[in-house]
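This briefing is for a reader who is new to the structure shown below.

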Amino acid sequence: MREALPLASMIDVDRGMISREIFVAPEFHRAELETLFTRAWLFVGHESLIPKPGDFYTSRMGDGSVLLCRDERGAIHVFLNSCRHRGMKICRYEQGNTSLFVCPYHSWSYTTEGKLQGVPLYRTLYDGTLNREDWSLIEVPRLATYKGTIWASWDAQAPDFMAFLGDAVEHLDQALDCRDGRPGGSEVIGVHKWVLPANWKFAAENFLGDTYHNPSHRSVDMIGIGPSAQRGAKGRRDNDYGRAHHVWVNFPQGHGVHSFMQEPDAEYMPSYQQNPVVEEYMRHCYHERRRRLGERARLLPFTGTIFPNASFHGRQPRGICVWHPHSPTETEAWRFFLVDADAPAEVKDLLRRFYMRYSGPAGMTEQDDMENWLYATASSTSTIARRYPFNYQQSLGVAAGTDPLLGGEVNVQITEQNARNYYRRYRTYLEGADWPTLLGRAGLREAAE
Ligand code: FES
Ligand SMILES: [Fe+2]
């Protein structure tokens, strides 16, 4: 049997070369599921999806369905969505409220705390053999909530969640905080779910800060699909980023962000003159945020990826995207769109329309991105293509700086340093895989040797 794969040369971040195998080989997909998605912190949902006792929302972690649930006492749980008897999906609905989950197959039932309660014909068939205490739903051992978002890990030894977020929290905060600078206060206004034929890492990497691909959005930039939808307005995001410069920041935990720093003398630039309620709200939020945050208000996050598969859009549009792997070449994408819970109805409605124009399966910007990801995946699956690595040498060796406001390693020119940092972290997880067994199972292609 072959020894472990030469991961250091397949994922050679120092020289900026990464084997295509990690994007197309079933063995890498398997290794990711076993060593990455069972150990990392994963985004599973938002508290606004389950506000009341008994509320549930079905979510995913890696390749498994999980049930996000608020119990009778208000505590949040995440369970594997699979019956302990014969594995039936306990909950086949996306969302709802219940006092008991009754398995559709043989009717074992579980409380909202996950305890096995009802077993049909218990006294006749199981008395003395089945101890109900031993057959609760499988529950994730680690759960964390942060400003409404809910995260979970299957690894009981996973680091503390805030330590895992590290300084990237400053950037994520801007997606979760109210537009006027109050901490938290967001709610999910809708969720898009769809499947695309691409490796999930293309999407995660895109949000890390791949600014280099902007020309592929040229058509939407030309027609102007910004939030205001003003006739004649150019660009995708109206005036939010007037007088600001780009920064790309990466963090030791593998996270990476692409944010903007406004110039100190930047002013509010109106975009919504056709809708006075929205214009007044946006203007108020801009000035109130400046008043509350002072210098920190200059930080305007655009996109980021919280390692490994939760990405965010920090301002316009605003939300969290999760990239669930189905196979090496297929991803289930979920986008949770966020608004301030107490925003006026006109503002929520305007943003809802903008989100759909911009993102999701029918969103014009996301369609551009998906086209890139799926063709890049498909054209990397052939025997010959798999012999040639991808190039990650952009701005290789360019010295990075630091900034107390931004945290992490700060770059001020377009760079693939965020991606190199991400894959360095990715490699440490994959080094933990049982490669001899994985290879014995299927046998990796010649290119990996
Ligand atoms: S599979 Fe659930 S009760 Fe049998
Ligand atoms: Fe894009």
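Phe-354 and Tyr-355 are both buried. They form an aromatic pair of the tilted kind, with 6.3 Å centre to centre and 50° between the planes. The model is predicted, and it holds 27 aromatic pairs.

**Aromatic pairs and cluster**

- Tyr-423 and Tyr-426 form an edge-to-face aromatic pair, 5.7 Å centre to centre with 80° between the planes.
- Because Tyr-423 and Tyr-426 are 3 residues apart in helix 12 (residues 417-430), about one helical turn separates them.
- In an α-helix there are 3.6 residues a turn, so residues three or four places apart point the same way.
- Tyr-423 and Tyr-426 are both buried.
- One aromatic cluster is formed by Phe-23, Phe-202, Phe-307, Phe-390, Tyr-392, Tyr-422, Tyr-423, Tyr-426 and Tyr-429.

**Charges over rings**

- Arg-132 lies over the face of Tyr-122, at 3.9 Å from the ring centre.
- Over the face of Trp-334 lies Lys-193, and the distance from the ring centre is 4.0 Å.

**Iron site**

- His-213 and His-217, each through NE2, and Asp-369, through two OD contacts, coordinate the iron ion (ligand 2) at 2.1 to 2.6 Å.
- The angles among the 4 donor atoms of the iron ion (ligand 2) run from 54 to 140°, and the site is irregular.
- The donor residues of the iron ion (ligand 2) follow the spacing H-x3-H-x151-D in sequence.
- His-217 and Asp-369 link distant parts of the chain, 152 residues apart. His-217 is in the loop between helix 7 (200-209) and helix 8 (218-223), while Asp-369 is in helix 11 (residues 364-378).
- His-217 counts as buried because its relative accessibility is 2%, under the 20% cut-off.
- Asp-369 also counts as buried, because its relative accessibility is 6%.

**Helix 9**

- Helix 9 (residues 276-293) has 18 residues. From its first C-alpha to its last, helix 9 reaches 25 Å, close to the 26 Å expected at 1.5 Å a residue.
- The buried residues in helix 9 include Val-278, Glu-279, Tyr-281, Met-282, Cys-285, Tyr-286, Glu-288, Arg-289 and Leu-293.
- Among the elements that cover the buried residues of helix 9 are helix 6 (169-176), strand 15 (256-262), strand 16 (299-306), strand 19 (330-340) and helix 10 (345-358).

Note on methods:
Residues are numbered from 1 along each chain as its sequence is written. Chains are lettered from A and ligands numbered from 1 in the order in which they are written. This is a predicted model: local features need pLDDT of at least 70, side-chain atom pairs count only at pLDDT 80 or more; totals for chains, interfaces and linings use all residues. Side-chain values use heavy atoms; hydrogens and water are left out. Donors are N, O and S atoms within 2.8 Å of the metal (3.2 Å for Na, K and Ca); water is not among the atoms, so sites may look incomplete. Four donors count as tetrahedral if all angles lie between 85 and 135 degrees; four count as square planar and six as octahedral if opposite donors are over 155 degrees apart and all others between 65 and 115; anything else is irregular. Helices (H or I, at least four residues) and strands (E, at least two) are DSSP runs, numbered from the N terminus. Buried means under 20% relative accessible area, exposed over 50%, partly exposed in between (1.4 Å probe, protein chains only). Rings of Phe, Tyr and Trp (its six-membered ring) pair if their centres lie within 6.5 Å; planes under 30 degrees apart count as stacked, over 60 as edge-to-face and the rest as tilted. A charge sits over a ring if NZ of Lys or CZ of Arg is within 6 Å of the ring centre and within 35 degrees of the ring normal. The expected span of a helix is 1.5 Å times one less than its number of residues. Contact means heavy atoms within 4.5 Å.
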